[in-house]
Amino acid sequence: MAVSDPAAFESRLEKRSEFRKQPVGRSRQGDFIKCVEQKTDALGKQSVKRGFTKDKTLSSIFNIEMVKEKTTEEIKQIWQQYFAAKDTVYAVIPAEKFDLIWNRAQSCPTFLCALPRREGYEFFVGQWTGTELHFTALINIQTRGEAAASQLILYHYPELKEEKGIVLMTAEMDSTFLNVAEAQCIANQVQLFYATDRKETYGLVETFNLRPNEFKYMSVIAELEQSGLGAELKCSQNQNKT
């Protein structure tokens, strides 16, 4: 869902009463988000689609026992060097940060990210499935329902968390929908919203999951713009305009 004019978009939503204050269970906005949550439950349960690996384990990437003999810093370098030459998203996440993200994901497993486009923004819904985080475009869920396939999967590997204090992450994406810079922007928003110390920022995640009738899409865009994430992507997209 591209939003060429956020103000006009929100106005249209308000006219449909989606943001009116109503008791929980009676809000159209709340019903819609519940519907999204039900449909995103299917994310990660679909058959393997183009560009995605079935059962992408850490041991399929490297020998875990050999790596355990390395220091934390050496493992970071190995991970970064391995993926640096590949067109994908990757990270080494400190254990305490991952624990925060993981604990919050248990009570709030679904959220909405905003991806800058040439004209406005496109929303992507994220759904945790174990330590995998699956994303698909909101419009994809709206049109295809449970048949909506993942377009980006972030794989988190906590095998070394206790011993080395890090969690390794990499990703796979459907390159017909996303490039690496766009996937990175979405991945960055996981830390923006789930690993933040700012109560108001994580509050959007809680509202989306626990009080959906109060949630406003534009709050995500406002938070993204305030953080500066996506600014470089937006700039490059504008430069590429023909």
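User: Which residue caps the N-terminal end of α8?

Analyst: Helices (H or I, at least four residues) are DSSP runs, numbered from the N terminus. A polar contact is a pair of N or O atoms within 3.5 Å; within protein, one must be able to donate a hydrogen and the other to accept it, and residues adjacent in sequence count only if both atoms are side-chain atoms. Here asparagine 179 is the cap, with a side-chain oxygen 3.1 Å from the backbone nitrogen of alanine 181. This is a predicted model, in which local features need pLDDT of at least 70, side-chain atom pairs count only at pLDDT 80 or more, and totals for chains, interfaces and linings use all residues. Residues are numbered from 1 along each chain as its sequence is written, and side-chain values use heavy atoms, with hydrogens and water left out.

User: What span should helix α8 have?

Analyst: The expected span of a helix is 1.5 Å times one less than its number of residues. For the 15 residues of α8 (residues 180-194) this gives 21 Å, and the end C-alpha atoms are 21 Å apart, which agrees.

User: Is cysteine 185 buried or exposed?

Analyst: Buried means under 20% relative accessible area, exposed over 50%, and partly exposed in between (1.4 Å probe, protein chains only). Cysteine 185 has 5% and is buried.

User: How many disulfides are found?

Analyst: A disulfide is a pair of cysteine sulfur atoms within 2.5 Å. The whole structure has 0 disulfides. The sulfur of cysteine 185 lies 8.3 Å from the closest cysteine sulfur, in cysteine 113, too far for a bond.

Methods. Helices (H or I, at least four residues) and strands (E, at least two) are DSSP runs, numbered from the N terminus.
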